[in-house]
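Open the model in your viewer and keep the selection panel handy. We will go from one stop to the next, picking residues as we go.

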Amino acid sequence: GRTTTTTTTTGYGSKHDDESAAGDILENVLSRIDVPPLKFVAVSDRDDYLRAARDVGMFTCRVRPLNKRRGNVTTDYNVEDAGSVQDVINEI
């Protein structure tokens, strides 16, 4: 099957606003296409997007350079750089 990768960003705001915006964006994407969430890999370094993606049933992949702090959201995959995302897509 085909897996779609989606990345999005928003401006700054409160943590609740960020999480709400992330969820709204992902729900909007899913409502406009006829592809189930399990066909997506949400790739981000932000907990709000990763949490929202996980909550709607998408695969999640955190981009975290080697010396950066760990996030607060458990993800399906972790990579050190954006170039490694292709390896995750190939595995799925």
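Select aspartate 48 to begin: in this predicted model, its relative accessibility is 9%, so it counts as buried, the cut-off being under 20%.

For the next one, select arginine 62 and aspartate 47, where the closest N and O atoms are 2.8 Å apart. The two residues sit 15 residues apart in the chain, arginine 62 in strand E3 and aspartate 47 in helix H2, and the pair links distant parts of the chain. Are these two partners buried or exposed? Both arginine 62 and aspartate 47 are buried.

Stay on arginine 62 for a moment. Its relative accessibility is 5%. A polar atom of its side chain lies 2.9 Å from the backbone oxygen of valine 73. Show the surroundings of arginine 62 and, beyond its neighbours within four places in sequence, you will find contacts including Ser44, Asp45, Leu50, Gly71, Thr75 and Tyr77.

For the remaining salt bridge, pick arginine 54 and aspartate 55, whose side chains meet at 3.7 Å, N to O. Here aspartate 55 is exposed at 56% relative accessibility, while arginine 54 is partly exposed at 38%.

Next, switch to cartoon and colour the strands. Strand E2 (residues 40–44) runs parallel to strand E3 (residues 59–63), and 4 bridges join them. Look for valine 41, which stands opposite phenylalanine 59 in E3. Follow the chain from E2 through helix H2 (residues 47–56) to E3, and you trace a right-handed β-α-β crossover. On to strand E4 (residues 77–79): E3 pairs with E4 in the parallel sense over 3 bridges. Arginine 62 turns up again here, opposite asparagine 78 in E4.

Last stop, the nonpolar cores. Which residues make up the largest one? Select Ala22, Leu26, Leu30, Phe40, Ala42, Tyr49, Ala52, Ala53 and Met58, 9 residues in all. At least two residues of this core come from each of helix H1 (15–32), E2 and H2. Apart from this core lies another, of 7 residues, with Tyr77, Val79, Val85 and Val88 among them. In soluble globular proteins, nonpolar side chains tend to be buried together.

Conventions. Residues numbered from 1 in each chain as written. Predicted model: local features only at pLDDT ≥ 70, side-chain atom pairs only at ≥ 80, totals over all residues. Heavy atoms only, no water. Pairing = 2+ DSSP bridges. Right-handed = clockwise from strand over helix to strand, strands pointing away. Core = buried A, V, L, I, M, F, W, Y, C linked by side-chain atoms within 4.5 Å. Buried < 20%, exposed > 50% of the residue type's maximum accessible area, 1.4 Å probe, protein only. Polar contact = N/O pair within 3.5 Å; in protein donor to acceptor, adjacent residues only side chain to side chain. Contact = heavy atoms within 4.5 Å. Salt bridge = Lys/Arg side-chain N within 4 Å of Asp/Glu carboxyl O.
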